[in-house]
Amino acid sequence: MSSHVLLTHQTRYRYDRPVFLGPQTIRLRPSRSARTPVRAYALRVDPAECQQSWQQDEFGNQVAEVVFAERVTHFDITVRLEADLSPRNAFDFTLAPEARYWAPPVALDAVSSAGSAPLQRQQQAAQQQQAGAAMFAPRSGLYSPDEQAALSAYRATPAAGPYLHAFLADWVKKASCDTLDMLVALNRALAGHIGYQVRLEPGIWSPEETLARETGSCRDSAWLMIAVLRHLGFAARFVSGYLLQSSRTAEGEETLTCDLHAWAEAFLPGAGWVGFDTTSGLLTAQGHLPLAATPAPEQAAPVSGVLDQCNATFDVSMQTARLLIPESV
């Protein structure tokens, strides 16, 4: 079966009276760095009597800015794209030698109840690093000074509340010193600990609330993962995007679905940004199509802007279809 998929994503706003819309920012264009190839893309806005321009925001995302000169009673956004969902290996990357092993930041000494465990872990990681990459000059920490400066917005770490404090203390005691093994296990642990729920109301729960409830939406668990990663010393960012995946109907027929989704990415020297889907516990793969990656969730909203006070309704629909691609001769 062809791996090429056509997606039509429609977003419709209806207002109870003519209103003035302020400038609207649309973050619905796949990232140029997406590992899933996008063969075609088109964005249409209605009413068509508007000014539309493409820009790059401060985080490198491609965003459309739309300005309406007149009052409107509706605002429709239609995205059509073709993506190639050919399977790819989510682990097809190589960490820099100095990033293959990790140790908790010194600040976590106070979090861990294991006494000297963090120090032992640091010593063990240093020994493994020297054994596996003796020819490379060692450096302190996961990131070089230049990387630390470039990634500062993605390393900001708020204080941990009691639930996050307890989770970190437990995790630091048992986490592997192997960087990738630790991150894979962490992603799976959070996916197993936080039950998934569809949450239609706007906003993001804090990591503390998500841990306390032991449930949350994809965006809640992604933000929790980011908080944990930053406390462990990693640069991490929030990603909103499309999730395209196959499933089976009650009759056993294969069907393709698409939803707006959220996940976390950690910056790993040598590999770059690596995605972790805390809803499934898996690394991101061909079905994950990033649209916006930002330090905080509210900066990645698919659509944002201001409008007059009014009663508004909102509707979203997505249609997917596999494309028949002739085999090359």
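These legends walk you through several close-up views of a predicted model.

**View 1. Helix α3 packs against helix α6.** Welcome to the first pair of helices. Two packed helices are described by the angle between their axes and the distance between the axes. Here α3 covers residues 162-174 and α6 covers residues 218-231. Their axes lie 11 Å apart, and the packing angle is about 55°. On the α3 side, look for Leu164, Phe167 and Leu168; on the α6 side, the contact is made by Leu224, Ala227, Val228 and His231. Sorted by class, this contact of α3 with α6 holds 6 nonpolar residues and 1 polar residue, with no charged ones.

**View 2. Helix α4 also meets α6.** Helix α4 runs over residues 179-193. The axes of α4 and α6 come within 11 Å, crossing at roughly 140°. Angles over 145 degrees would count as roughly antiparallel, and α4 and α6 are therefore oblique to each other. The crossing of α4 and α6 is right-handed. From α4, the contact takes in Leu183, Leu186, Asn187 and Leu190, while α6 brings Leu224, Met225, Val228 and Leu229. In this contact of α4 with α6 you will find 7 nonpolar residues, 1 polar residue and no charged residues.

**View 3. The largest pocket has a volume of about 1100 Å³.** To find your way around the largest pocket, start with Arg199, Leu200, Arg219, Leu260 and Pro302, which lie nearest its centre among the 34 lining residues. Several elements give two or more residues to this lining: β1 (4-19), α6, β9 (236-248), β10 (254-268) and β15 (312-322). Of these, β10 provides the largest share, with 5 residues. By class, the lining of the largest pocket has 21 nonpolar, 8 polar and 5 charged residues.

**View 4. A cis peptide bond joins Asp46 to Pro47.** Zoom in on the backbone here: omega of the bond from Asp46 to Pro47 is near 5°. You can find Pro47 in the loop that runs between β3 (38-46) and β4 (51-56).

**View 5. Glu214 has a positive phi.** For this last stop, look at the backbone again. The phi angle of Glu214 is near 60°, and Glu214 is a residue other than glycine. Its place is the loop between α5 (207-213) and β8 (215-216).

Terms used. Residues are numbered from 1 along each chain as its sequence is written. This is a predicted model: local features need pLDDT of at least 70, side-chain atom pairs count only at pLDDT 80 or more; totals for chains, interfaces and linings use all residues. Side-chain values use heavy atoms; hydrogens and water are left out. Axes are lines fitted to C-alpha atoms, for helices over the stretch in contact, and angles run from 0 to 180 degrees between N-to-C directions. Helices (H or I, at least four residues) and strands (E, at least two) are DSSP runs, numbered from the N terminus. Contact means heavy atoms within 4.5 Å. Ala, Val, Leu, Ile, Met, Phe, Trp, Tyr, Cys and Pro count as nonpolar, Asp, Glu, Lys and Arg as charged, and the others, Gly among them, as polar. On a 1 Å grid over the protein atoms alone, a cavity is a set of points where a 1.4 Å probe fits but cannot get out, and a pocket is an open set with protein on both sides within 12 Å along at least five of seven lines; lining residues have an atom within 4 Å of a point. Grid points are joined across faces, edges and corners, and a volume is the space filled by probe spheres set on the points. Angles under 35 degrees count as roughly parallel, over 145 as roughly antiparallel, 65 to 115 as roughly perpendicular and the rest as oblique. A crossing is left-handed if the near helix is turned anticlockwise from the far one by less than a right angle, and right-handed if clockwise.
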